[in-house]
Structures are given as structure tokens and as C-alpha cells.
Amino acid sequence: MLSSAARPYIQASVPVLQAHGLAITTTFYHNMFNAHPELKHLFNMGNQANGSQQQSLAAAVFAYAANIDQAHVLQPVIDRIVHKHAAVGIKPAHYPIVGRHLLGAIAEVLGEAATPPLIAAWDEAYWLLAGEFIAAEARLYQSAGYAADQWIAAHITEVNPTADGILSIQLAAEDQALPAFKAGQYISVAVTLPDGLRQIRQYSLSDAEQNAGYRISVKCEAGDTHTPQGTVSNWLHQNAAVSGKLLISHPYGEFTPDLKAKQPLVLISAGVGITPMLSMLKTLVRDQSTGDIWFLHAGRSLQHVPHLDELIASTEQLPALNLTLYIEDKPGFAAERLVQAGRMRLAEWPFNAALNAEYYLCGSLPFMIEQWQALLALGVPPQHIHREVFGPESLNQAA
């Protein structure tokens, strides 16, 4: 618990962080990478280049200060970040480096306003949070049976296009059995780029757990003025080939519904956000679930829906499955009953049948915010809504 001496300084920092947070985090990353260039291997340098990582960390620091005494607000975000940290191999030794440069950035940006008591308060607050991360990550590494930064050598057994711009990659272990995983979890993939920089990205597993190995479904990210080009996803599209090798992590992630529960389940996705939902659906098919399941997916066209054949087959294998595809460009389709033309609008969805369900969301951040707000407006309790978040947004999405 934060001391009574430190609390007033942290609370007083809230408006200061709102005004200067981005300058602090930009200075932090600049100074830390200059002093420790080896840490670039742990960070998404595309998000660094376009500033989204700096903006998200600023929002996260602000949220931490604003909610310093509200554990129920912070804990879901902490749990999510712990899994992300484990997936890239964060170690206890990284925390002193981060703390030193974060406090240094606060002092550098605020100047004389960064009084010794203020810096001391933030030092206490930082280590209070860092201690939670270190302990939780140690427990997670122990339960996984894998050390920090321990990678699995996997070989590629299949590579198939599964939708426009999306590649399905099947992986098997070279010299060991792949660890078990829960539907909804992800693995990290580490690749070394031509300039020697190692970059790590997370990809949801897109199939049920099976002896054949893991499957990921990777979208080629072209990028634009607002979004960086997908360095690793594009590398995989250009280089992944049968018999090739990849370094992957143990599976992590807490976006994992209890698929044996009796509560109805509603899976809502858009674009490549369908991947963890596919793992859940394929697991329900494998286990011949008899529960009520709604699967709602939004896509630009049917050609952009990954693993469409598997979705259609699932409707025949699970009688209780209610599948609806919201397609903006609706061509003729053999399974016409499954398609709704236009954007997903949950306000028009007959949700009453699933009011007591658990809802899972995955897609772009604007999509998830829109559906989250729609569900709340329909009267769904917020504790029944769960979402998967990748990228910088994972730092500042309070559940």
C-alpha cells in the first residue's frame, strides 16, 4: 500500500501527468534506448516510430496515478500486462532500468517542479507496482514451467492462405511436445530482421488444442499514415515456408472463457480478431458442447473472413451455434442465412436471449469500444464483457 506521505504527491501529479505525460514518456524511451539499445529487442519499434507506444504509456501512467487506491480498476490491466510481459520474456533485472529512466524523465521534463518529495513518492509508487509485476510474472513462469526469455524452436508444417491478406501457419515442435494451451491464448513469435534487430509479436492461436501442433493466422499489415507497417507480420508473409523454423514462446493470455460453463457464450469479432474466437469455437466443436453459443463476426467481404469453411462446418457440428456474419460488401453466398448485409449493429441484435451470457470481444480498438458501449446500452453488466487487446492499447485499457 502506498504510504500516507507519498499519496498526496501522487494524487497531485494527476493534472501534471495529463499535461506533460507524453513528453515524459517520449523522453523516457529516448534515454532508455540510448543507454540500453539491447532493450529494443523487447519493444515494438514500429509503435515507437509512430509514437503510439509513448502515448499509451503516458495514458497508463496517468491512469495509475488517478486510480492508485482503486485496486479493482487496476487489477484487470495488471493481469493482462503480466501475461504480455511473460510472452516477451521480461525479467526482474529490467525493472530497475525502467524505473531509473522513468524517474529521470519525470525530473528532466518537470524541472524544478520535480521536487525531491515528488520524485521520492513516484519512486515508491513505481516499486509498489513493479513488485506486483515481478511477483505475478514469477508465478506465471513457474506455472508454465518456462523461464523468462525461454523460447521454443518450432518448425513450419503448413502454410496456407485463409482469406485475403491472411496466412495460416501450422507449427510443430522440433525436439519436444508443444505446451498445452487454453482457447483464447496467444504465443509470441520472435524473428530477426535483416538489420539484425529481433522483434517479437503476439499471435492468437486459431485452432483447438490438438496433437498436430499450433496454428496462427497472420494478417499482412500494409500500414498507413496512422498505423505502422506490420514488420513481423509482413516478414512472416514473405518468409514463412514449409520446413522453415520459428522461435515461439509458451502460450500466455487470460482471454480464456470457461468453455464448460452452463452460461450462454457470445463471441464478437471483426477482421483478424476472429482468431481467438476460432480457437474457442473449434474447442467447443471438439468437445461437442451443448450450450448456447452466438458467434458474431464483422468483415469487409466474405473473402476477408478467415477460415470461412470452418465456420460454416461448425454450424453443422454444433446444433446450438448461432452464427451471423456481418458483411459490408454482400455478394451471393451459398449459406445466405448466415449473412447480414452492412455493419454490425448490436442495438438491432435480439440480445434478450443471451442477456445472462458472457461476452468476448476481439477486433480493432474502435470496433471493441463501439460494441462495448452497445452492450452496456443494452443492459449487459460490464463484468460480463471481456476483450482481448494487443499492442500499446494493452497498457491503458482499464476493464
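A salt bridge is a side-chain nitrogen of Lys or Arg within 4 Å of a carboxyl oxygen of Asp or Glu. The model shown is predicted, so local features need pLDDT of at least 70 and side-chain atom pairs pLDDT 80 or more, while totals for chains, interfaces and linings use all residues. Residues are numbered from 1 along each chain as its sequence is written, and side-chain values use heavy atoms, with hydrogens and water left out.

**View 1. Glu310 and Lys282 form a salt bridge.** Their closest N and O atoms are 3.1 Å apart. Glu310 lies in helix H9 (residues 308–317) and Lys282 in helix H8, so the pair ties together parts 28 residues apart in sequence. Helices (H or I, at least four residues) and strands (E, at least two) are DSSP runs, numbered from the N terminus. Glu310 counts as buried because its relative accessibility is 18%; buried means under 20% relative accessible area, exposed over 50% and partly exposed in between (1.4 Å probe, protein chains only). Shared partners join Asp207, Arg215, Lys282 and Glu310 into one network of salt bridges.

**View 2. Asp69 forms a salt bridge with Arg7.** The closest N and O atoms of this pair are 2.9 Å apart. Asp69 is in the loop between helix H3 (52–66) and H4, and Arg7 is in helix H1, 62 residues apart. Asp69 is partly exposed at 47% relative accessibility, whereas Arg7 is buried at 18%.

**View 3. Ser13 is buried in helix H1 (residues 7–35).** Its relative accessibility is 6%. Beyond residues up to four places away in sequence, Ser13 touches Leu118 and Trp122 (contact means heavy atoms within 4.5 Å).
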